[in-house]
Amino acid sequence: MEINLISDTVTKPTQGMLEAMFKAEVGDDVFKQDPTVNKLERFTAEMFGKEAALFFPSGTMANQTAIKIHTRPGDEVICDKWSHIFLYEGGGVAANSGVSCHLVDGKRGKISANQVKSVINDPEFYHAPITRLVSLENTTNKGGGACYAMEDLQQIKQVCQDYNLKYHLDGARLWNALVAKNQHPKDFGNLFDTISVCLSKGLGAPVGSVLVGSAEDMKKAMRIRKLFGGNMRQSGYLAAAGLYALQNNIGRLSQDHQKAKELGAVISKKQWVAEVAPIETNIVIFTLQPYVDEKLFIEKLKQKNILISSMGQGKLRMVTHMDYRSVMHDYVLEVLEKMQ
């Protein structure tokens with residue numbers, strides 16, 4: 001029995017999700033004639049109180065499309081130094097949109113309104129790029145699943161309004177934040193110009209993300225998705241999985257959060273651990289003591305059929321998910337308890 005805690009992207013469709021996929025009514029989505037894709041897009045847009053939505057093969061493509069919608073070559077995007085759009089999207093901000101990132105040293109991947117305000121370039125100072133967009137991440141991946149408080153998001157929104165900046169949310173794991181903080185999707189829809197949400201992480205769909213925004217922005221997104229090669233044909237089979245996920249798998253995320261907290265409680269007591277980051281959702285990030293060999297530690301767990309990931313510099317990550325069953329969880333807790 002292999003127990004994969006590397007990411008929440010490793011899940012496989014449940015029987016119910018597979019049945020929904022097999023039964024999906026499909027058409028050619030390039031001509032917007034796939035009824036299941038259209039239903040998913042309407043459903044997601046309505047969840048967030050937005051005018052429209054667009055289905056994408058990946059969260060990276062959805063984020064990159066949003067950046068291209070809101071910027072012009074030579075512009076600048078404000079984001080945290082740990083942002084997915086900067087670290088893990090292949091330099092797409094530069095390659096796809098010709099823009100640069102102004103990195104902010106936030107707290108666990110979260111930045112404040114004052115930090116945003118302090119790095120906005122004077123548009124009259126033509127030596128510097130024009131600040132055009134603020135991009136946040138919620139929950140923060142490298143920040144260990146940290147969630148923004150709504151008040152902080154509202155304060156950043158005010159700065160964006162004051163300085164005429166666009167506001168994008170990389171909400172790959174926004175579902176986790178909604179459950180953990182008891183928030184509502186429409187609260188986010190009211191704040192952000194665009195939001196990308198992932199269906200293939202905590203919700204268990206095999207593939208796909210959705211970008212929501214205004215009808216005008218989603219019309220632009222259609223052209224950009226085509227440019228990026230993201231058009232799909234009978235993608236209703238994939239959209240059906242996403243619809244099933246949205247309708248059935250959001251509430252259960254609290255189970256993943258509880259398991260993550262229990263993992264953190266065990267490892268925080270071990271002498272070989274230097275620090276455990278605060279655990280709010282389904283991501284556990286911990287740092288080993290300097291004398292512990294990271295590769296050897298990972299290998300020891302692998303020998304016990306437990307897979308985790310390295311973030312470098314002695315920092316390790318475990319991510320709970322819907323395929324991480326209770327019997328697996330009990331076994332992992334027992335193994336960690338016994339490790340010296």
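Strand β3 (residues 76–80) pairs with β5 in the parallel sense over three bridges, where two strands count as paired if DSSP finds at least two bridges between them. Within this pairing, Glu 76 stands opposite Thr 131 of β5. The model is predicted, so local features need pLDDT of at least 70 and side-chain atom pairs count only at pLDDT 80 or more, while totals for chains, interfaces and linings use all residues. Residues are numbered from 1 along each chain as its sequence is written, and side-chain values use heavy atoms, with hydrogens and water left out.

**The sheet**

- Seven strands form an open sheet of mixed pairing, in the order β2-β8-β7-β6-β5-β3-β4; strands (E, at least two residues) and helices (H or I, at least four) are DSSP runs numbered from the N terminus.
- β2 (52–56) and β4 (100–104) stand at the edges with a single partner strand each, so one side of each has no neighbour in the sheet.
- From one strand to the next, the twist averages 20°.

**Helices across the sheet**

- Helix α8 (residues 174–181) lies across β6 and β7 (194–198) and runs at about 95° to β7; axes are lines fitted to C-alpha atoms, for helices over the stretch in contact, and angles run from 0 to 180 degrees between N-to-C directions.
- Helix α10 (residues 215–227) lies across β2, β7 and β8 (209–213), running at about 20° to β2.

**Helix α7**

- Helix α7 (residues 150–162) has 13 residues and reaches 18 Å from its first C-alpha to its last, close to the 18 Å expected at 1.5 Å a residue; the expected span is 1.5 Å times one less than the number of residues.
- Met 150, Leu 153, Ile 156, Lys 157, Val 159 and Cys 160 of α7 are buried, that is, under 20% relative accessible area (1.4 Å probe, protein chains only).
- An α-helix has 3.6 residues a turn, so residues three or four places apart point the same way.
- The buried residues of α7 pack against α6 (113–118), β5 (131–137), β6 (166–171) and α9 (185–191), contact meaning heavy atoms within 4.5 Å.
- After α7 comes Asn 164, whose phi is positive, near 60°.

**The whole protein**

- The protein has 14 helices and 13 strands.
- Its radius of gyration is 20 Å, close to the 20 Å that the globule rule gives for 340 residues, so the protein is as compact as a globular protein of that length; the radius is taken over C-alpha atoms, and the rule is 2.2 Å times the number of residues to the power 0.38.
- Buried residues make up 55% of the 340 residues.

Key
Buried < 20%, exposed > 50% of the residue type's maximum accessible area, 1.4 Å probe, protein only.
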